[in-house]
Amino acid sequence: MNMSKIVRSAANLLFPFILVFGFYIVLHGHLTPGGGFQGGAVIATGFVLMFVAYSYDFITGRIGAESLHTTETIGLVLFIVTALVAIVFGVTFFTNWMLDVGPVLNNPVAFGPNPGDLNTAGFIPVMNLAVGIEVLGALSVIVLYMLSGTKEEI
Amino acid sequence: MIELVVHAAVLVGLICAALLVIHFRDLLSAAIAFGIFSFLLSLEFYILQAPDVAIAEAGIGAGLTTAIFIVAIRGTRRMEEVKE
Amino acid sequence: MKNLVIGATVLILSLGILYAGVGLEFGAPPFTDMDDYFVSHGQEQTGGNNIVTDIVFDFRGFDTLGEATVLFTAVLGAGLAFRKRREDEDYEYE
């Protein structure tokens with residue numbers, strides 16, 4: 001059952017802006033308030049807005065539960081693999097190994113308030129991205145499963 | 001002074017939204033009132049200087065919980081149709 | 001009589017909650033050693049400006065791993081509860 005045309009038009013209009021805001025929160029997680037979980041929840045809100053506005057058949061014709069589940073699994077695997085790579089460099093599990101290796105994401109940060117540089121903080125941005133896409137897939141697929149459980153009235 | 005007025009307005013709005021949730025007979029109206037309650041709660045978190053919690057509350061409380069309620073209400077019938 | 005008892009209970013409960021809310025001191029934890037360490041060393045040790053994210057992903061990484069596990073388990077439970085069975089699938093209810 002599609003909702004009314006007003007709801008569908010508003011959802012279409014809001015969807016890209018919600019995605020941009022969510023990815024901004026995820027990618028700037030180590031500089032501004034927010035982080036992986038909050039950004040992923042905001043992106044999932046955008047997806048769930050589309051799920052509520054359109055019918056179940058319309059949604060599953062475009063994005064399936066399998067692909068959302070795969071997104072969640074990719075995020076979780078990226079999270080654990082990034083934490084495990086620390087063992088290769090001779091430090092313990094979950095150590096911030098990117099601070100010791102290479103120039104990537106490794107600029108020094110002055111203590112106190114500063115303008116902020118995206119290329120800092122070791123593996124924290126990678127972890128933010130991993131948790132972000134994991135939360136995005138998990139929360140979306142939960143609502144999609146719940147939508148599949150209700151009876152469709154046409 | 002203006003901060004105190006805004007804070008008091010948000011708190012009064014929270015209580016009004018919470019009373020509206022139990023006052024409405026229509027399920028969809030109650031769900032939307034609950035969404036307004038969650039939004040005002042996230043504003044309150046922001047005023048209390050917890051922006052991380054405010055973003056999480058706005059995403060999960062105001063967005064996902066309301067959507068889950070609406071998905072559940074989709075499986076029911078409107079009150080007026082049952083009476084006839 | 002019944003209304004009186006209910007009214008007195010509500011009055012006592014609301015007074016107690018009001019007293020607890022007024023009596024609590026907001027933003028003054030009794031032990032601040034850990035907080036002071038995180039605020040003064042977190043930025044130089046992890047390199048991130050947002051102390052909350054530094055704590056969540058670096059100092060307290062195992063907590064985040066547990067949270068991710070909880071979310072994955074929640075998705076598995078929702079998938080099991082709401083899964084649509086195919087027509088040709090045999091399933092006996094107990």
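Chain C has four helices and zero strands, where helices (H or I, at least four residues) and strands (E, at least two) are DSSP runs numbered from the N terminus. This is a predicted model, in which local features need pLDDT of at least 70 and side-chain atom pairs count only at pLDDT 80 or more, while totals for chains, interfaces and linings use all residues. Residues are numbered from 1 along each chain as its sequence is written, chains are lettered from A in the order in which they are written, and side-chain values use heavy atoms, with hydrogens and water left out.

**Chain C**
- Along the sequence, the pattern of chain C reads α-α-α-α.
- Of the 94 residues in chain C, 21% are buried, meaning under 20% relative accessible area (1.4 Å probe, protein chains only).

**Where chain A meets chain C**
- The contact (heavy atoms within 4.5 Å) takes 43 residues from chain A and 27 residues from chain C.
- About 2,700 Å² is buried between chain A and chain C, with carbon and sulfur atoms giving 68% of that area; buried area is the accessible area (1.4 Å probe) that two parts lose on being put together, summed over both.
- Between chain A and chain C the count of salt bridges is zero, a salt bridge being a side-chain nitrogen of Lys or Arg within 4 Å of a carboxyl oxygen of Asp or Glu.

**The side of chain A that touches chain C**
- The helices α2 (36-53), α4 (65-84) and α5 (124-149) of chain A each supply at least two residues of this side.
- The largest share of this side, 14 residues, comes from α5(A).

Technical notes
Buried means under 20% relative accessible area, exposed over 50%, partly exposed in between (1.4 Å probe, protein chains only).
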